[in-house]
Amino acid sequence: MQERSSVGELAERLRRELDRYSPGEKLPSSRALVERFRVSPVTVSRALAQLAAEGLVVTRPGAGAFRAQPRTAPDPAGDTSWQEVALSADGAADLVPRSVDASGVLVSLAAPPPGVIELNGGYLHPSLQPERAMAAALSRAGRRPGAWGRPPMEGLPELREWFARSIGGAVTAAEVLVTAGGQSALTTALRALAPPGAPVLVESPTYPGMLAIARAAGLRPVPVPVDADGVRPELLADAFRATGAPAFVCQPLFQNPTGAVLAPGRRAEVLRIARQAGAFVVEDDFVRRLVHEDAGPLPRPLAADDPDGVVVHVSSLTKATSPSFRVSALAARGPVLERLRAIQVVDTFFVPRPLQEAALELVGSPAWPRHLRAVAAELKARRDAMTAALALHLPDLALPHIPSGGYHLWPRLPDGTDEAALVAAALRAGVAITPGRPYFSAEPPAAHVRLSFAAVAGTGEITEGVRRLRTACDEVRR
């Protein structure tokens with residue numbers, strides 16, 4: 001972290017001094033900058049690279065760095081209003097509009113303003129990410145023979161084998177495709193399983209990114225309610241009979257956002273209902289590696305108990321590592337696998353080989369199990385800190401389920417609370433939270449918020465964030 005800070009500070013100082021030089025004039029040598037600013041050669045190199053990326057300097061190997069020529073005035077803006085007609089006309093014949101609302105996804109991806117506590121983040125805080133282990137893995141991966149060549153379209157055999165072992169059961173490497181992150185895998189799965197205009201069954205509430213994928217593909221998400229034990233099988237069967245949907249998308253383990261785990265008695269029932277309907281179950285196993293220290297043994301993925309190819313399984317390394325470590329897997333059995341493979345090849349060709357090699361290096365290193373144990377302990381401590389803070393400062397928020405995995409809580413707001421007003425008031429109070437409305441594909445039964453405890457620096461920020469949320473609640477109630 002100190003190196004990053006030094007690079008930014010040096011780049012800013014050099015940026016302020018550029019006016020001393022004429023366009024094309026040479027800047028002081030790297031050695032001179034090292035001595036003057038008392039920083040490392042690496043810091044100088046990275047600062048100059050940053051200025052070069054901004055178009056302020058030009059670096060020439062063996063010659064040095066030079067002030068870039070001034071930028072020419074941008075061309076006048078064109079008139080793009082015609083696109084409003086073109087895009088609307090394109091969707092006029094669609095059974096389901098294909099316009100995309102990404103707001104539910106952007107809430108957990110966008111960085112909050114400075115000073116705002118991030119209780120809406122969807123990824124581990126940098127202090128929880130295995131940065132050193134990932135850097136070492138990437139370095140070793142880059143030296144592997146053929147690391148920069150073209151990988152097999154389906155993914156490296158060793159990585160496919162690792163994912164197959166992680167899923168368990170009779171799943172083999174031949175039934176696994178390596179994909180570029182869980183979002184990409186879900187997109188491929190839904191495109192493969194349902195034609196435009198078709199209904200697709202989804203848990204209610206569920207992950208907004210999946211709802212956005214479905215709508216962008218012209219699908220119609222149909223909600224099936226979830227309780228503390230996961231999806232309700234009798235309502236799932238009713239939904240299949242009423243809609244004829246070709247697929248049901250679910251998160252059986254630490255469901256997002258409720259944190260529910262599909263009960264043992266419901267697992268086989270869900271597969272039986274889908275099989276009887278001639279439909280697939282898309283299993284999004286997104287946080288298996290973010291279990292809490294007190295969770296106990298986890299149930300196997302649904303795919304491990306599915307000999308008939310009902311389940312299309314999605315799992316990922318991203319949540320347990322870094323948002324930029326986008327390596328995941330699609331697993332399926334039977335003819336659907338070839339359709340998944342064809343769509344993925346058309347969309348992305350393949351996942352870059354250096355990233356796949358780095359994934360192999362990471363999961364095969366002693367640092368990997370150490371990282372998972374450390375994260376399990378830290379997530380439990382953070383969950384407990386948040387539940388304690390909510391009980392102290394906001395006892396009227398209903399918290400019927402406290403999960404033993406994942407990275408967030410799902411409180412229900414008191415009846416009559418204006419969810420949107422609370423989110424806005426919270427931001428004014430210095431804390432970012434996620435509204436519950438985007439998690440429902442139809443009318444929500446009540447107002448909720450999702451509170452993440454993974455993206456903050458520690459338990460102190462969690463406690464302070466909840467205290468600020470109390471201030472926001474008081475403002476909304478006045």
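Modeller: In helix α15 (residues 419-429), the residues E419, L422, V423, A425 and A426 are buried, where buried means under 20% relative accessible area, exposed over 50%, and partly exposed in between (1.4 Å probe, protein chains only). They cover an arc of only 165° around the axis, which puts them on the same side of α15, the arc being that of the directions from the helix axis to the C-beta atoms. This is a predicted model, in which local features need pLDDT of at least 70 and side-chain atom pairs count only at pLDDT 80 or more, while totals for chains, interfaces and linings use all residues. Residues are numbered from 1 along each chain as its sequence is written, and side-chain values use heavy atoms, with hydrogens and water left out.

Biologist: Which elements do the buried residues of α15 pack against?

Modeller: Contact means heavy atoms within 4.5 Å, and helices (H or I, at least four residues) and strands (E, at least two) are DSSP runs, numbered from the N terminus. The buried residues of α15 pack against β13 (431-432), β14 (434-435), β15 (449-452) and α16 (459-477), whereas A420 and R428, on the other side of α15, are exposed.

Biologist: How should I read the strand order in the open sheet of eight strands?

Modeller: Two strands pair if DSSP finds at least two bridges between them. Here the order is β4-β11-β10-β9-β8-β5-β6-β7, with mixed pairing. β4 (176-179) and β7 (230-231) stand at the edges with a single partner strand each, so one side of each is left without a neighbour in the sheet.

Biologist: How many bridges join β4 to β11?

Modeller: Four bridges join β4 to β11 (residues 328-331), and the two strands run antiparallel; V178, for instance, has A329 in β11 as its bridge partner.

Biologist: Which peptide bonds and phi values deserve a second look?

Modeller: Most residues other than glycine have a negative phi, and most peptide bonds are trans. In this model a cis peptide bond joins S204 and P205, with omega about 5°, and P205 lies in the loop between β5 and α9 (208-216). Another cis peptide bond joins N256 and P257, with omega about 20°. As for phi, R38 has a positive value near 55° and is found in the loop between α2 (30-37) and α3 (41-53). F349, which is not a glycine, has a positive phi of about 65°.

Biologist: Are R38 and F349 buried or exposed?

Modeller: R38 counts as exposed at 79% relative accessibility, and F349 counts as exposed at 54%.
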